[in-house]
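I opened this model to look up a few helices and the contacts around them. My notes follow in the order I made them.

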Amino acid sequence: MEETKMASTEPNVYLFVPNLIGYARVVLMFVAFYFMTNPEMYQITVFCYLLSQLLDAFDGHAARLLGQTSKLGAMLDQLTDRCSTLGLVMALGLLYKDYFFFFQCYAVLDIASHWLHLTASHYSGASSHKQIDLASNPILYYYYQNRTVLFSMCAGNELFFAALYLLFFSEGPNFGGYGLFRSVVIVCAPVMFFKSVISLVQLLAAAKNIVIVDTDEHTRAKQ
């Protein structure tokens, strides 16, 4: 009886509201993937993809507001971010074959930098990849600690790739002689470039932090 009562009071992490939002993001991501190379469904593709990315702005707020932060939610959030971007970049590589090498390099840098950064935070004992030794690196500090900067950079980056995808099929509504999708690509291109620079800085900083952990372990082992 007592065990049943204890079990009923245990939180069901799987059903935390932020994690439910995360599951919805995954479903939307796969719907977008399914239609991504169908020229008749490109609008549905972008709608599902961008809605999945937009929900990313809400799961963190829900977690803090409801006191439902979890390691599962954090990993689900990270994996969905990386996998959704990778899927879109892969599709762009098929659509824009002359730029396939660029998309390959972008995908490798995006995954490698975030994976190494997350691993470095784990080795250093940080509770979040956003908390690891950022004070010594002003670029990463403002990127992760300023929510406006973080949201703007991520949104601009996703809009660049989404608009580039749309541009393959259509110029979009015309405003003053300029197609909307082409205009968004041009405006967001610097954001994409700067975010790539941040990814490179993140990768190098994470490698440095891992080396510091290695050095400390070897130093203690010799004492």
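**Helix H2**

I began with the length of H2: its 19 residues should span 27 Å at 1.5 Å a residue, and the end C-alpha atoms are 28 Å apart, so the two agree. I note here that the model is predicted. I then listed the buried residues of H2, which are Pro-18, Asn-19, Ile-21, Gly-22, Arg-25, Leu-28, Met-29 and Ala-32. Among the elements that cover them I found H3 and H4.

**Helix H3**

I went on to H3, which runs over residues 42-66. H3 has 25 residues and reaches 36 Å from its first C-alpha to its last, close to the 36 Å expected at 1.5 Å a residue. Where is the kink in H3 centred? I found it centred on Ala-57, with an angle of about 25 degrees.

For burial in H3 I wrote down Tyr-42, Thr-45, Val-46, Cys-48, Tyr-49, Ser-52, Gln-53, Asp-59, Ala-62 and Ala-63. These buried residues pack against helix H2 (17-35), helix H4 (71-95) and helix H7 (147-169). After H3 comes Gly-67, and I noted its positive phi, near 65 degrees.

I looked at Asp-59 in helix H3 next. Which side chain of opposite charge is nearest to Asp-59? It is Arg-25, 4.1 Å away. Leaving out residues up to four places away in sequence, I listed Pro-18, Ile-21, Arg-25 and Asp-77 as touching Asp-59.

Asp-77 itself I placed in helix H4. With the neighbours up to four places away in sequence again not counted, Asp-77 touches Arg-25, Asp-56 and Asp-59.

**Aromatic rings**

How many aromatic pairs does the structure hold? I have nine in my notes. One of them is Phe-160 with Phe-161, an edge-to-face pair at 5.0 Å centre to centre and 80 degrees between the planes. I noted that Phe-160 and Phe-161 are both buried. Last, I traced the cluster in which ring pairs link Tyr-42, Tyr-96, Tyr-165, Phe-168 and Phe-169. Tyr-42 was already in my notes as a buried residue of H3.

Technical notes
Residues numbered from 1 in each chain as written. Predicted model: local features only at pLDDT ≥ 70, side-chain atom pairs only at ≥ 80, totals over all residues. Heavy atoms only, no water. Helix = DSSP H or I, 4+ residues; strand = E, 2+ residues; numbered from the N terminus. Expected span 1.5 Å × (residues − 1). Bend = angle between axes of the 7 residues up to and from the residue. Buried < 20%, exposed > 50% of the residue type's maximum accessible area, 1.4 Å probe, protein only. Contact = heavy atoms within 4.5 Å. Phe/Tyr/Trp six-rings, centres within 6.5 Å; stacked < 30°, edge-to-face > 60°. Lys, Arg positive; Asp, Glu negative; His and termini not counted. Salt bridge = Lys/Arg side-chain N within 4 Å of Asp/Glu carboxyl O.
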